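Please take a moment with the sequence and the three-dimensional view before reading on. The paragraphs that follow are meant to be read with both at hand.

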Amino acid sequence: MAPRTTRPTATARPVGTVTRGTTNPNRLRRQDRWIAATHGPALRRSPEPPLAVDLGYGAAPWTPVELLARLRTADPRTQVVGIEIEPARVAAAKPYERDGLTFRHGGFELPVPGRVALIRAANVLRQYDEEQVAAVWLRLCDRLTPEGLLVEGTCDEIGRRHVWVTLDRSGPRTVTFATRLGSLDRPSDLAERLPKALIHRNVPGEPVHAFLRDFDRAWAAAAPYASYGARQRWIRSVRDLAADWPLTDGPRRWRQGEVTVRWEALAPRRVG
């Protein structure tokens with residue numbers, strides 16, 4: 001019998017669809033700083049230089065460039081790979097490559113070797129159906145190191161308001177709400193930036209709706225603190241909120257216009 005001829009396999013197509021690509025410098029600064037502050041110890045514990053992925057960075061490479069700079073304040077060994085499903089965006093980003101920063105064509109399959117310490121997917125799943133989110137989360141979390149994190153969420157065009165879910169290899173852990181306090185009328189203004197897993201659940205009977213309702217009530221009750229500034233009003237509101245909701249952070253993060261709550265407290269209710 002003649003030997004079987006092995007044909008070269010075609011390169012697999014990236015998994016996912018092209019996003020709008022909207023991006024701006026400093027759009028993700030709030031998330032970058034939160035990651036560096038909260039995940040920095042895990043990065044420093046890594047025996048190898050930690051690898052971070054900025055998935056779906058958009059039409060310009062600002063967010064991976066900035067992510068590298070901010071993560072290196074936590075661990076100077078950090079390496080960042082920007083991944084985009086649109087080849088033209090990768091080609092446009094190549095001139096920005098430098099020590100510790102590269103760009104690759106790909107999608108949810110993550111065309112990088114081994115496991116990664118961080119995957120950031122900002123404004124990527126917004127265009128997908130809610131029913132698709134869990135499978136994407138599972139696929140990405142499977143690529144994490146034992147202490148790795150997936151940070152997935154949505155923000156506005158200039159980064160004033162942002163909500164993200166943080167996951168590890170076991171699944172979702174927390175939800176973080178972050179805002180420029182001077183732009184806030186009430187905490188429920190952040191509802192329009194809920195990630196895909198939660199945005200359609202902001203209705204009566206769902207935990208995230210109850211959380212934002214209680215946050216608005218605490219904000220209203222803290223109105224006298226407004227004379228000391230929006231930061232003091234926010235801190236007072238969050239302190240009151242902590243009486244009924246399982247918050248995972250404290251005043252150091254609250255002062256930044258942030259609050260983080262356990263995922264299980266906001267997780268969508270099962271239907272049926």
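What volume does the largest cavity have? The largest cavity has a volume of about 100 Å³, where a cavity is, on a 1 Å grid over the protein atoms alone, a set of points where a 1.4 Å probe fits but cannot get out, and a volume is the space filled by probe spheres set on the points, with grid points joined across faces, edges and corners. This is a predicted model, in which local features need pLDDT of at least 70 and side-chain atom pairs count only at pLDDT 80 or more, while totals for chains, interfaces and linings use all residues. Residues are numbered from 1 along each chain as its sequence is written, and side-chain values use heavy atoms, with hydrogens and water left out.

By this rule there is one cavity of 30 Å³ or more. The largest cavity is lined by 14 residues, and those nearest its centre are Thr17, Gly56, Ile85, Gly107 and Val124; a lining residue has an atom within 4 Å of a point. Sorted by class, this lining holds seven nonpolar, six polar and one charged residues, where Ala, Val, Leu, Ile, Met, Phe, Trp, Tyr, Cys and Pro count as nonpolar, Asp, Glu, Lys and Arg as charged, and the others, Gly among them, as polar.

Eight strands form an open sheet with mixed pairing, in the order 3-2-1-4-5-6-7-8; strands (E, at least two residues) and helices (H or I, at least four residues) are DSSP runs numbered from the N terminus, and two strands pair if DSSP finds at least two bridges between them. Strand 3 (101–105) and strand 8 (258–262) are the edge strands, each pairing on one side only. On average, neighbouring strands of this sheet are turned by 20° against each other, direction ignored, with axes taken as lines fitted to C-alpha atoms, for helices over the stretch in contact, and angles running from 0 to 180 degrees between N-to-C directions.

Two of the pairings can be followed in detail. Strand 1 and strand 2 run parallel and are joined by five bridges, and within strand 2 it is Gly82 that stands opposite Asp54. Strand 6 (residues 161–168) and strand 7 (residues 171–179) run antiparallel and are joined by eight bridges, with Leu167 having Pro172 of strand 7 as its bridge partner. Helix 4 (residues 130–141) packs on the sheet, where it touches strand 1 (51–55), strand 4 (116–122), strand 5 (144–155), strand 6 and strand 7, and its direction makes about 145° with that of strand 5; contact here means heavy atoms within 4.5 Å.

Of the 22 residues that line the largest pocket, Ala134, Trp137, Pro172, Trp263 and Arg270 are the closest to its centre. Helix 4 gives the most to this lining, with seven residues, and helix 4, strand 6 and strand 7 each supply at least two. By class, the lining of the largest pocket has 11 nonpolar, two polar and nine charged residues.

Elsewhere, the reader can look at how enclosed some elements are. Helix 2 (residues 62–71) has eight of its 10 residues buried, so it is largely enclosed by the rest of the structure; buried means under 20% relative accessible area, exposed over 50%, and partly exposed in between, for a 1.4 Å probe and protein chains only. The buried residues of helix 2, among them Leu67 and Leu68, pack against helix 1 (29–45), strand 1, strand 2, strand 3 and strand 4. Strand 2 (residues 79–84) is likewise largely enclosed by the rest of the structure, because five of its six residues are buried. Gln79, which has its place in strand 2, counts as partly exposed at 28% relative accessibility, and its contacts beyond four places in sequence are Pro49, Pro50, Leu51, Ala52, Arg72 and Gly100.

Asn26 has a phi near 65°, a positive value in a residue other than glycine.

Notes
1 Å grid on protein atoms, 1.4 Å probe; cavity = no way out; pocket = protein on both sides within 12 Å on 5 of 7 lines; lining within 4 Å.
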